[in-house]
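Here is a friendly walk through some packing terms and what stands behind them.

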Amino acid sequence: MLELKNIVFEVPVDEHSSKTKRIIDDLSLTIEDGKFTVITGPNGGGKSTLAKLIMGIEQPTSGTILFNGQDVTHASITERANLGIGYGFQQPARFKGMKVKKLLELAAGKRLPALQCNEYLSKVGLCSAAYLTREVDKSLSGGEVKRIEIATMLARDPKLAIYDEPEAGIDLWSFDRLTETFRDIHEARDDRSIVIISHQERIIQLADDIVCLRDGRIEDAGPRDEIMPKLGLTDRAQFGCTLTTPTELHLTKIPTTC
Amino acid sequence: MAELNKIDEELLAQIADLHGMPRGAFNIRKDGQLVERSSSANIDIEAFTDKQGIKITVAPGTKGETVHIPVIMTKTGITDVVYNDFHIGEGADVTIVAGCGIHNSGDDATEHDGIHSFWLGKGSRVRYVEKHYGEGEGTGDRILNPTTNVYMGEDSFCEMEMTQLKGVSSTVRETNCELAEGAKLILTEKLLTHGKQTAVSNMDIRLKGEGSNVQVISRSVAQDDSYQVFNPLVVGEAACHGHVQCDAIIMGNAKVKAIPGIEAASEDAQLIHEAAIGKIAGDQIIKLMTLGMSEEEAEQEILNDFLS
């Protein structure tokens, strides 16, 4: 179980300013074991920041994060990873010289037979065995690298998996495959929790619980059946959550520094 | 003939992945002297009489054979200059494993300058693997200044992987290649420098024949206070393709200078160069940390893969 208690996250308005801007505003949230939770809401609402705070990529200004009762507020990324928190990046890193198979093995924490790797890859719509020996570098398209990122999460199989916009960069054809995969993960969850940040209705439909985030606060949260109808009222935005422009589905350009 | 001790064997394992004497044709050289040499039915190795070094002749049509020619240096204060000439017969397909390991436990410089020249016959194929490595508790420099000349005949193919593992105080590398019609060269150079080491790599690659093709891939990691200069020039003199790609990771106070040059002397020459120098990207380290690695482990993994 993940418990966020009174989480505040502030950043300086600009580099040398002492003024701060509040990105997450006194947010409390509990994610129960075995739940599939979708966090949605308008751009700039703090969704990705919240995910980073859970993984330890960002540190909260104040508040407490408990994972299975253990205080991980100041734990490093590595410590949280070893406790069973996993994170699927919105814009995955690329690694020159690293083969796809190696990345999957690093994720799994052990050597993997090729067949097993192919199984992970086929679940994300990469059906050619040739991918295993490809390098996770610029030679892969944005969509391929994104799918490989999701495959690393399948190989890692964390107790709590956080996906930051898994659909971003995935083409429409593969999107069907991806939603099936998330459905499969959820069905085989065995008490594992999934948190997905998404704007996609078809992913939201898979959720047990939906959390709507706006301006760093929870605007609405609850079981899917209760929240879904409100999401449909996009045009009458003063009630419920506004779903803004959906994430673009064509391949995104992902900057690489190396 | 010289004998091999434990240090020698470890050096040979590092640079040529050798454990004991190789099979087939080989020539093992230690401190400027022959340890052991063997020719095979198709590959003849003979010593020059007028200078240090060997002439390796691969018979036309030889397929799937490997030649090992490692050099090890374990004495301090010596310089070994050696010429290795390779004549590859038409249609042959061979692998050549070279490399030099220096163990310098003294305070004087130990230097090896290998001048390797290759003449590739029509339609022949060569895979050349060379590793350089230095170690030793002494303060003496470990210097490797290799010169590599490659003359590629019509429709020949050559893949060169030249790696400097670590421990080499200074290196000046000269690589000169000429490609005839239809020849294809893939040249990969990987250099790691650390401490106060310096590395300079000069290349001059001339695409003389129509349809010739070169791909130069440079990967380098410069750590601590080390300094590297990568200076390749590809000249297209015919309808040809040339691609130079330089990637460097810089760490600490290291400096890297990349001067990729391309020169077209034919309107049908297609030449491209790319160069990028930067530190390890933060998102790479974070990704590996989310897989349970520490920051140091993540950094090492990224470097290992980059230079693999």
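Q: What stands opposite Leu160(A) in E7(A)?
A: Ile85(A) stands opposite Leu160(A) there. This is a predicted model, in which local features need pLDDT of at least 70, side-chain atom pairs count only at pLDDT 80 or more, and totals for chains, interfaces and linings use all residues. Residues are numbered from 1 along each chain as its sequence is written, while chains are lettered from A and ligands numbered from 1 in the order in which they are written.

Q: Why are E6 and E10 of chain A called edge strands?
A: Strand E6 (85–88) and strand E10 (217–223) of chain A each pair on one side only. They belong to an open sheet of six strands with mixed pairing, in the order E6-E7-E8-E3-E9-E10 (chain A). Direction ignored, neighbouring strands of this sheet are turned by 15 degrees against each other on average.

Q: Which strands does helix H1 (residues 47–55) of chain A lie across?
A: H1(A) lies across strand E3 (36–40), E6, E7, strand E8 (193–197) and strand E9 (209–214) of chain A, and runs at about 150 degrees to E7(A). Such angles run from 0 to 180 degrees between N-to-C directions, with axes fitted as lines to C-alpha atoms, for helices over the stretch in contact. H5(A) also packs on the sheet, where it touches E6 and E7 of chain A and makes about 165 degrees with the direction of E6(A).

Q: Why are H4(A) and H5(A) called oblique to each other?
A: The axes of helix H4 (residues 114–123) and helix H5 (residues 142–156) of chain A come within 9 Å and cross at roughly 130 degrees. Angles under 35 degrees count as roughly parallel, over 145 as roughly antiparallel, 65 to 115 as roughly perpendicular and the rest as oblique. H4(A) and H5(A) are therefore oblique.

Q: How do you know which residues of H4(A) meet H5(A)?
A: Residues are in contact if their C-beta atoms, placed from the backbone, lie within 7 Å. Tyr120(A), Leu121(A) and Lys123(A) in H4(A) meet Ala151(A), Leu154(A) and Ala155(A) in H5(A). By class, this contact has five nonpolar residues, no polar and one charged. (Ala, Val, Leu, Ile, Met, Phe, Trp, Tyr, Cys and Pro count as nonpolar, Asp, Glu, Lys and Arg as charged, and the others, Gly among them, as polar.)

Q: At what angle do helix H3 (residues 100–108) of chain A and H5(A) pack?
A: H3(A) and H5(A) pack at about 40 degrees, with axes 7 Å apart. Their contact comprises eight nonpolar, one polar and one charged residues.

Q: Where does the largest share of the side of chain A that touches chain B come from?
A: H2(A) supplies that share, four residues. The contact takes 22 residues from chain A and 21 residues from chain B. Sorted by class, the chain A side has 13 nonpolar, six polar and three charged residues.

Methods. Helices (H or I, at least four residues) and strands (E, at least two) are DSSP runs, numbered from the N terminus. Two residues are in contact if their C-beta atoms, placed from the backbone, lie within 7 Å. Two strands pair if DSSP finds at least two bridges between them.
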